[in-house]
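Please read them alongside the model.

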Amino acid sequence: RRSSDLVIIEWKAALDGRDPGSVQREIVKLYERAADNAFQLWNQDQENPDRMTDLGNAYIFLGRKYADTGENLKAVLTGKKCQKYLENALKKDPNRTDGLLSLGGFHYLAGSTSSALAGFKSLLGIKGTKERSEEHTS
């Protein structure tokens with residue numbers, strides 16, 4: 001499914017009078033499946049920067065959804081994977097606009113997470129900040 005489909009699932013729940021939070025588990029499962037698919041494609045061509053960027057992007061969306069649902073450790077571990085694949089893609093092709101924007105988005109999100117994630121981020125060496133975000137998107 002496309003990410004727009006996931007937004008539609010949330011809106012439909014709200015329009016049906018259900019709490020949009022009631023569909024969060026379904027949405028997490030869809031993001032997990034998308035990340036698994038991206039991993040399988042990367043696994044077939046591990047040196048391909050397109051596959052690395054796709055996988056990094058899949059992980060950024062999944063990590064954010066984990067954070068939204070309170071799965072903090074999973075959010076940080078998934079964020080670390082996102083960072084790894086995006087940085088590796090940029091090592092192969094430093095001028096990739098999609099990779100730079102995604103890595104900038106990663107640093108922005110990592111820098112604006114709740115204090116509940118601070119210990120996990122520190123443990124894994126994630127130091128996202130607004131300034132790091134701007135380095136990649138300027």
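1. Arg-25 is partly exposed, with a relative accessible area of 40%, whereas Glu-32 is buried at 16%. Here buried means under 20% relative accessible area, exposed over 50%, and partly exposed in between, with a 1.4 Å probe and protein chains only. The two residues form a salt bridge, and their closest N and O atoms are 3.9 Å apart. A salt bridge is taken as a side-chain nitrogen of Lys or Arg within 4 Å of a carboxyl oxygen of Asp or Glu.

2. The model is predicted: local features need pLDDT of at least 70 and side-chain atom pairs count only at pLDDT 80 or more, while totals for chains, interfaces and linings use all residues. Residues are numbered from 1 along each chain as its sequence is written, and side-chain values use heavy atoms, with hydrogens and water left out.

3. How many salt bridges does the structure hold? There are 9. Side chains of opposite charge can pair when their charged atoms come close.

4. Glu-47 pairs with Lys-92 in a salt bridge whose closest N and O atoms are 2.4 Å apart. This pair links distant parts of the chain, 45 residues apart: Glu-47 sits in the loop between helix H2 (24-44) and helix H3 (49-68), and Lys-92 belongs to helix H4 (residues 72-92). Helices are DSSP runs (H or I, at least four residues), numbered from the N terminus. Lys-92 is partly exposed, at 44% relative accessibility.

5. Asp-68 forms a salt bridge with Lys-65, with 3.7 Å between the closest N and O atoms. Both lie in helix H3, 3 residues apart, which is about one turn of the helix. Lys-65 is buried, with a relative accessible area of 8%. Elsewhere, salt bridges that share partners join Arg-25, Lys-29, Glu-32, Glu-71 and Lys-74 into one network.

6. The axes of H3 and H4 come within 8 Å and cross at roughly 160°. Axes are lines fitted to C-alpha atoms, for helices over the stretch in contact, and angles run from 0 to 180 degrees between N-to-C directions. H3 and H4 are therefore roughly antiparallel, a label for angles over 145 degrees.

7. Which residues does H3 bring to H4? Among them are Met-52, Leu-55, Tyr-59 and Tyr-66, and the H4 side includes Ala-75, Cys-82, Tyr-85 and Leu-86. Contact means heavy atoms within 4.5 Å.

Terms used: Helices (H or I, at least four residues) and strands (E, at least two) are DSSP runs, numbered from the N terminus. Angles under 35 degrees count as roughly parallel, over 145 as roughly antiparallel, 65 to 115 as roughly perpendicular and the rest as oblique.
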